[in-house]
Amino acid sequence: MDCPTKEEFSEEQAECQDESNCPDYSSAIAESNSESPRILKILQKWVPTVSPYFDKEHYCYADSQITIQESIDHFGAIVWPGALALSQYLESNQQELNLKDKKVLEIGAGTGLVSIVASILGAYVTATDLPEVLENLQMNISRNTKHMNIHQPEVRKLVWGEDLNEDFPKSTHHYDFILASDVVYHHTCLDPLLTTLAYLCQPGTVLLWANKFRFSTDFEFLKKLGNILLVTLLAEFPESNIKLFKVTVKEN
Ligand SMILES: C[S@@+](CC[C@H](N)C(=O)[O-])C[C@H]1O[C@@H](n2cnc3c(N)ncnc32)[C@H](O)[C@@H]1O
């Protein structure tokens, strides 16, 4: 199929449009010893289609058309801007990242777009979210991967901060990559989310986290994350207020 031409997505108002009004997070981010963060735009990967179903959206990543069923029932049932940024990053850096046969876990996977892209790029993917999101997530993942010659993704419950040792024991669950998009916003589970990221990031794991920065609490979260893990800014999408970070364990 032909993918659409480049265009920018529309933007929402953000509380922290002017970062000078937000908590200083600069000390939380490690200097990259290779290159400065890339300044990017979100490309239009949404494919306009004539469809009788108003709740299905079509995207194009990694040369594949991906159909996502959305709904207004839940935060996790729509595609958020961080998912577009992370999907685009996975696609355009596929050679460097080399997801082929890597073990990947996505937290707060929502509609599953990022997990689907990672699967198409060759990874063994486990997509996780709250129980109430899993049905739609499973449906999107199955629909977009079942006839492809790729590792079939797994869908599992992962509630931040809950039963991590029981459900994802470190001895048997080591991931090469953790993926997270727009998991930080105004909600009451920021501390359990921090605990979860710290738990899942083992030596050798790379967390790729893309987030639209809207609220001062988003920057506070970033600061706390930088206190416990090594956070490097990989890319910024200034027109959408999205930042994309690489996060690893700190070396002693
Ligand atoms: C803003 S949505 C982002 C969804 C998707 N990553 C994207 O970018 O399109 C936040 C996601 O985090 C999930 N979430 C929120 N609180 C959670 C919790 N306590 N445990 C696990 N997942 C949670 C929601 O169900 C939702 O899928």
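Is Asp-101 buried, exposed or partly exposed? With a relative accessibility of 42%, Asp-101 counts as partly exposed; the class runs between buried, under 20% relative accessible area, and exposed, over 50%, using a 1.4 Å probe and protein chains only.

Before going further, a word on the model. This is a predicted model, in which local features need pLDDT of at least 70 and side-chain atom pairs count only at pLDDT 80 or more, while totals for chains, interfaces and linings use all residues. Residues are numbered from 1 along each chain as its sequence is written, and side-chain values use heavy atoms, with hydrogens and water left out.

**Two aspartates in loops**

Asp-101 sits in the loop between α2 (94-97) and β5 (103-107). Helices here are DSSP runs of H or I with at least four residues, strands are runs of E with at least two, and both are numbered from the N terminus. Most residues other than glycine have a negative phi. Asp-101, not a glycine, has a positive phi of about 65°. Asp-182 is not a glycine either, and its phi is positive at about 50°. You will find Asp-182 in the loop between β8 and α6 (190-200), where it is buried with a relative accessible area of 5%.

**Around the ligand**

Next, look at the ligand. There are 20 residues around it, and Trp-80, Gly-108, Asp-129, Trp-160 and Ser-181 come nearest; a residue counts as near if one of its heavy atoms lies within 4 Å.

| Residue | Its N or O atom | Ligand atom | Distance |
|---|---|---|---|
| Trp-80 | backbone | oxygen | 2.9 Å |
| Gly-108 | backbone | nitrogen | 2.7 Å |
| Ser-181 | side chain | oxygen | 2.7 Å |

Taken alone, the ligand exposes 590 Å², and the protein buries 96% of that. Such areas come from the Shrake-Rupley method with a 1.4 Å probe.

Helix α4 (residues 134-145) has twelve residues and reaches 16 Å from its first C-alpha to its last, close to the 16 Å expected. The expected span is 1.5 Å times one less than the number of residues. Its buried residues are Leu-134, Asn-136, Leu-137, Asn-140, Ile-141, Asn-144 and Thr-145. They lie on the same side of α4, because they cover an arc of only 165° around the axis; the arc is taken from the directions from the helix axis to the C-beta atoms. These buried residues pack against β4 (64-69), α3 (113-120), β6 (124-129) and β7 (154-157), where contact means heavy atoms within 4.5 Å.

Helix α7 (residues 216-228) has 13 residues, which should span 18 Å, and its end C-alpha atoms are 19 Å apart, which agrees. Asp-218, Phe-219, Phe-221, Leu-222, Leu-225 and Gly-226 are buried in α7. Their arc of only 155° around the axis puts them on the same side of α7. The partners they pack against are β1 (29-30), α6, β9 (206-212), β10 (230-237) and β11 (242-248).

His-173 belongs to the loop between α5 (164-167) and β8 (177-181). At 18% relative accessibility, His-173 counts as buried. Leaving aside neighbours within four places in sequence, His-173 is in contact with Arg-156, Asp-167, Phe-168 and Gln-202.

Ser-92 is in helix α1 (residues 81-92), and its side chain reaches the backbone oxygen of Gln-88 at 2.6 Å. Although Ser-92 and Ala-62 are 30 residues apart in sequence, they are 8.6 Å apart in space, C-alpha to C-alpha.

Methods
Polar contact = N/O pair within 3.5 Å; in protein donor to acceptor, adjacent residues only side chain to side chain.
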